[in-house]
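Okay, thanks for coming, everyone.

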Amino acid sequence: MQNTLLLVDGSSYLYRAFHAMPDLRNPQGEPTGAIYGMINMLRRLRSDYPAAYMACVFDAKGKTFRDDLYPEYKAQRAPMPDDLRLQIEPIHQAVAAMGWPILMVEGVEADDVIGTLAVAATRQNMKTVVSTGDKDLAQLVNSQVTLINTMSNEVMDEPGVLAKFGVPPARIIDYLTLIGDTVDNVPGVTKCGPKTAVKWLTEYDSLDGIMANADKIKGVVGDNLRAALNWLPQGRVLITVKTDCDLSAHYQDIQHSLVAKPESKEDMLAFFSRYGFKTWLRELSGDATAGATPLKAASATSAAAPANSPVQGGLFQEEENAAVIEKNYELVLTESALDAWLARIQQASLTAFDTETTSLEPMHAQLVGLSLCCEAGHACYIPVAHHYADAPLQLTRELVLEKLRPWLEDASKAKVGQNLKYDSHVLANHGIQLRGIAHDTLLESYVFESHKSHDMDSLALRHLGKKTISFEEVCGKGASQIGFDQVELQRATDYAAEDADITLQLHQAMWPEIAPDAKLLKVYHDIELPTSVVLQKIERNGVKIDPALLAAQSHEIGIRLLELEQNAYALAGQPFNLNSPKQLGEIFFGKLGLPVVKKTPSGAPSTDEEVLQKLAEDYPLPKILLEYRGLAKLKSTYTDKLPKMVNPATGRVHTNYAQAVAVTGRLASNDPNLQNIPVRTAEGRRIREAFIASPGHIIMSADYSQIELRIMAHISGDASLLKAFADGEDVHRATAAEIFGVTPAEVSNEQRRYAKVINFGLIYGMSAFGLAGNLGIERAAAQSYIDKYFQRYPGVAQYMADTRTKAKAHGYVETVFGRRLWLPEINSPNGPRRQGAERAAINAPMQGTAADLIKLAMIAVQNWLEQEKLQTRMIMQVHDELVLEVADAEVELVRQKLPELMANVATLDVPLLAEVGIGHNWEEAH
DNA sequence: CTGCTAGCATA
DNA sequence: GTATGCTAGCAGA
């Protein structure tokens with residue numbers, strides 16, 4: 001079921017439902033029989049053939065290629081009865097509410113859309129089940145595609161087709177061409193019915209064979225055949241279902257566009273109420289609320305109405321799975337209106353919540369207003385600090401926050417937002433601690449589709465088919481951008497209330513994708529949601545730095561840079577901007593005539609570090625540049641920049657951890673990036689001396705040892721690698737011993753260095769070419785090391801192969817915890833891109849599992865700190881390292897417990913090891 | 001003022 | 001050869 005696509009020929013269903021049902025009417029006198037029949041048929045089909053993906057395909061109005069080819073096509077067909085026509089729009093609504101993606105392509109018949117999707121599904125290794133009343137579709141049947149007859153419910157697979165028609169699926173087109181289709185007014189051979197067609201096909205194999213041997217067929221039927229010879233090729237084209245329609249890429253990607261959704265209870269209630277299906281209404285609402293709450297009728301934007309602007313730019317009339325919801329956005333300016341909303345959110349099972357502020361910087365942002373929504377379409381905006389000429393009187397921020405505080409701080413009041421980490425900061429800026437974060441649509445999207453964009457405007461377009469008001473549309477951009485507090489209240493309400501409304505709807509759209517999948521649910525619920533809460537605390541804790549120390553380093557570096565600059569000018573014979581690769585290139589390769597070692601991707605001669613190293617062997621200027629580059633980078637990026645990032649209010653640096661940008665599941669750090677503070681060189685490491693602890697505290701750092709290699713051992717199950725870790729060996733030494741065939745004790749430093757490069761290369765999905773470049777050896781030599789490695793670690797070789805296979809088959813790979821890492825280019829026809837995706841596929845499970853592990857560790861550590869009510873604070877995460885600011889009195893306790901928590905966060909087939917260091921600053925602790 | 005390239009810091 | 005973010009220079013608005 002997991003990998004099945006269920007396709008319904010909606011147009012054939014319509015007629016079947018209409019003719020099968022008596023003339024039912026609702027109290028308003030509208031015909032409802034076909035609607036009733038359609039809902040029944042689809043519900044039964046779905047329960048009989050549960051599938052992860054499905055679509056209901058309807059004919060769109062307008063001419064198709066068949067009409068152009070043969071003007072008489074379907075000319076005999078009676079016009080649609082009015083009573084059926086009236087039910088088309090409601091049927092589309094009902095189908096969407098039942099969770100079926102709807103497809104209608106202008107100029108393409110439903111059959112052709114179905115054929116194209118079936119072929120696309122087969123290509124994506126999915127099984128397809130087509131439900132239709134039209135026998136023509138039997139031509140699609142093969143080992144992957146089966147047909148279900150709508151009324152009789154007979155299942156037709158390959159043997160089924162043969163049994164029913166007497167010819168295999170591959171001959172159905174020929175068979176139908178011979179017989180013709182009276183319904184569609186497509187003639188065949190006169191007097192040739194099923195029997196004759198089968199007889200001929202058995203004798204001559206195919207239509208082409210029959211036509212070639214037409215002169216051998218005797219009798220009147222033979223004459224008829226010969227008379228039809230000129231027609232038959234055209235008839236065959238008309239009968240042939242197209243499988244290569246120009247569907248937009250969006251729909252070719254079945255796993256994204258055609259996900260089966262559960263019935264929307266809300267929409268179904270509204271629908272049943274609107275069309276007077278009393279029994280279903282009672283069933284669905286249960287006895288409690290039946291008829292009690294006035295149900296809002298879904299406003300009738302029908303699925304059949306041509307959309308004005310196809311969202312994806314394709315041929316599609318982009319359709320929603322939910323009927324368009326009536327919008328009701330309220331501007332709250334009075335205490336009584338606020339009280340009414342308070343009452344709503346107090347009793348709501350889930351409330352969407354959003355803040356509008358003065359700034360995007362979480363630690364500086366001040367609240368300008370907030371919006372709430374507990375029922376799709378019905379939202380409010382509560383402005384508290386809009387300042388512009390003639391701004392209406394608003395409730396004060398103090399009043400609103402004090403009134404909302406009990407709800408905001410109540411962990412039992414479920415909230416959903418888009419990146420609530422930000423809103424938590426904003427509220428914390430006003431002394432409120434947000435609790436009860438039940439969902440976060442940013443994280444839902446990230447867990448569901450890590451490789452796609454997660455901003456609300458994109459999500460709304462993707463999941464709801466809605467174009468939302470963007471921040472830029474409201475506030476402008478660049479220098480002329482205004483603060484949200486300058487925005488006119490009505491406009492602000494349109495924007496802000498929509499944010500809360502859309503957030504709730506996004507949750508309702510995405511949650512059904514995650515909740516039924518145990519692995520995704522675990523990643524979302526047990527990892528990402530709690531991690532966001534921990535991250536907010538870490539960001540707020542901030543890191544203390546020593547600005548004076550950095551200033552002194554800047555000064556020192558500045559002096560040295562001036563010296564180097566003068567030396568460089570002298571060697572070049574002229575002044576130039578040492579920071580400009582362009583000018584440097586002109587001096588090097590133009591004026592001085594140095595050899596070009598390699599080129600940049602855009603064709604210019606490269607002057608990067610590797611090139612400078614090489615040139616420095618023979619020339620003096622490159623050596624100067626190397627030192628200059630290193631120091632300039634330190635000064636501009638770190639020693640000059642970090643002091644400017646100190647928050648004046650806290651005296652500390654507060655980074656932002658981006659939780660939903662890295663496709664592997666890692667965090668990213670920005671403003672400033674604290675995950676790339678130098679460590680490799682001695683000069684660089686001095687910057688870490690400026691990362692200090694408050695008085696009465698020390699810095700403690702704990703990092704996972706060889707985490708990715710350990711994960712590789714676990715995932716691959718390679719016996720030798722597992723044993724090396726189980727025995728606590730130096731893994732690079734162990735690898736060297738295996739590759740070079742010596743005992744671990746005999747491994748030279750050079751051999752160990754080689755082994756280390758190879759181990760890292762494996763994690764990155766290396767090739768012999770890359771390894772050779774890195775080790776500065778011949779490619780053949782590199783290949784022989786790789787061969788030797790895989791020979792000694794066959795489990796790893798197997799893992800690499802399995803991972804590639806899985807990635808190609810599914811389009812994603814998984815971490816140990818089931819996080820999905822999507823690789824959109826894994827089957828790209830573009831060689832380099834595809835190979836890039838293959839390397840990423842190898843790396844992703846290891847990098848991603850490491851990310852999962854440290855997130856779990858962060859959650860465990862934070863829980864422990866809070867449970868024990870310690871003064872110690874977590875202050876940084878650097879992928880495999882946690883940094884804490886530990887109160888002096890707690891040092892021994894934390895030093896013992898921290899690595900234990902990190903090591904025991906999961907039980908893998910390899911032991912996990914975390915190594916701890918302490919010091920007065922980060923450099924010492926490392 | 002914005003977007004791009006080159007280069008380089010980390011795991 | 002995996003994954004990020006930030007700086008400076010530079011070209012075209």
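One definition before we start: I'll call a residue buried under 20% relative accessible area, exposed over 50%, and partly exposed in between, with a 1.4 Å probe and protein chains only. Keep in mind this is a predicted model, where local features need pLDDT of at least 70, side-chain atom pairs count only at pLDDT 80 or more, and totals for chains, interfaces and linings use all residues. Residues are numbered from 1 along each chain as its sequence is written, chains are lettered from A and ligands numbered from 1 in the order in which they are written, and side-chain values use heavy atoms, leaving out hydrogens and water.

So, cysteines. How many disulfides does the structure hold? It holds 0, taking a disulfide as a pair of cysteine sulfur atoms within 2.5 Å. For Cys 373, the closest cysteine sulfur belongs to Cys 374, and at 6.5 Å that's too far for a bond. Cys 373 is also buried, at 0% relative accessible area. Cys 380 is in no disulfide either, its nearest cysteine sulfur being that of Cys 374, 8.1 Å away. Cys 380 counts as buried too, because its relative accessibility is 0%.

Now the sheet. It's open, with 6 strands in the order S3-S2-S1-S4-S5-S6 and mixed pairing. Strands here are DSSP E runs of at least two residues, helices are H or I runs of at least four, both numbered from the N terminus, and two strands pair if DSSP finds at least two bridges between them. At the edges sit S3 (102-105) and S6 (155-156), each pairing on one side only. S1 (residues 4-9) pairs with S2 (residues 53-59) in the parallel sense, over 5 bridges, and Val 8 stands opposite Cys 56 in S2.
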